[in-house]
Amino acid sequence: LGVGGAATVYQGRVKGTDESVAVKVFHGKADDSLREQVEQEAAVAGALKETGLFVRVKSHHKDHTPPYLVMDYVPGETLQERLART
């Protein structure tokens with residue numbers, strides 16, 4: 001789905017269901033700094049639900065190499081596309 005400086009995001013499916021998910025795989029080994037970043041990102045995503053601007057983090061694995069987050073997949077434009085359009 002996309003590549004950034006810190007991670008690559010893939011679209012996947014939950015095994016045994018037809019549910020689409022986004023899997024954000026962070027670049028690099030699971031050192032303390034990257035583990036903290038994964039934890040913070042998962043926490044921030046949860047806090048944003050009050051604003052109506054959130055994607056639910058279904059799970060995160062900070063100790064996996066490479067670390068990753070599994071989130072709801074939401075089709076549509078990216079934030080960058082939206083900002084360019086408006």
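**A tour of the sheet and its salt bridges**

Begin by selecting Asp18, which is exposed, with 62% relative accessible area. The model on screen is a predicted one. Asp18 counts as exposed because its value is over the 50% cut-off.

Is Arg13 buried or exposed? Arg13 has a relative accessibility of 51%, and is therefore classed as exposed.

Next, select Lys24 together with Glu41. A salt bridge joins them, and their closest N and O atoms lie 2.5 Å apart. Colour strand E3 (residues 20–26) and helix H1 (residues 32–47): Lys24 belongs to the strand and Glu41 to the helix, so the contact ties together parts that are 17 residues apart in sequence. Now display the accessibility of each partner. Lys24 is buried, because its relative accessible area of 18% is under the 20% cut-off.

Move on to Arg85 and Glu77. Their salt bridge has its closest N and O atoms 2.6 Å apart. Arg85 is exposed at 54% relative accessibility, whereas Glu77 is partly exposed, with a relative accessible area of 38%. Across the model, the count of salt bridges comes to 8.

Hide the side chains and turn to the strands. In what order do the strands of the open sheet lie? The 5 strands follow the order E1-E2-E3-E5-E4, with antiparallel pairing. At the edges are strand E1 (2–3) and strand E4 (57–61), each of which pairs on one side only.

Zoom in on strand E1 and its neighbour, strand E2 (residues 7–13). The two strands run antiparallel and are joined by 2 bridges. To see one of the pairings, select Val3: its bridge partner in E2 is Thr8.

To finish, return to strand E3 (residues 20–26), where Lys24 lies. In the sheet order, E3 stands between E2 and E5, and its residue Lys24 forms the salt bridge with Glu41.

Note on methods. Residues numbered from 1 in each chain as written. Predicted model: local features only at pLDDT ≥ 70, side-chain atom pairs only at ≥ 80, totals over all residues. Heavy atoms only, no water. Salt bridge = Lys/Arg side-chain N within 4 Å of Asp/Glu carboxyl O. Buried < 20%, exposed > 50% of the residue type's maximum accessible area, 1.4 Å probe, protein only. Helix = DSSP H or I, 4+ residues; strand = E, 2+ residues; numbered from the N terminus. Pairing = 2+ DSSP bridges.
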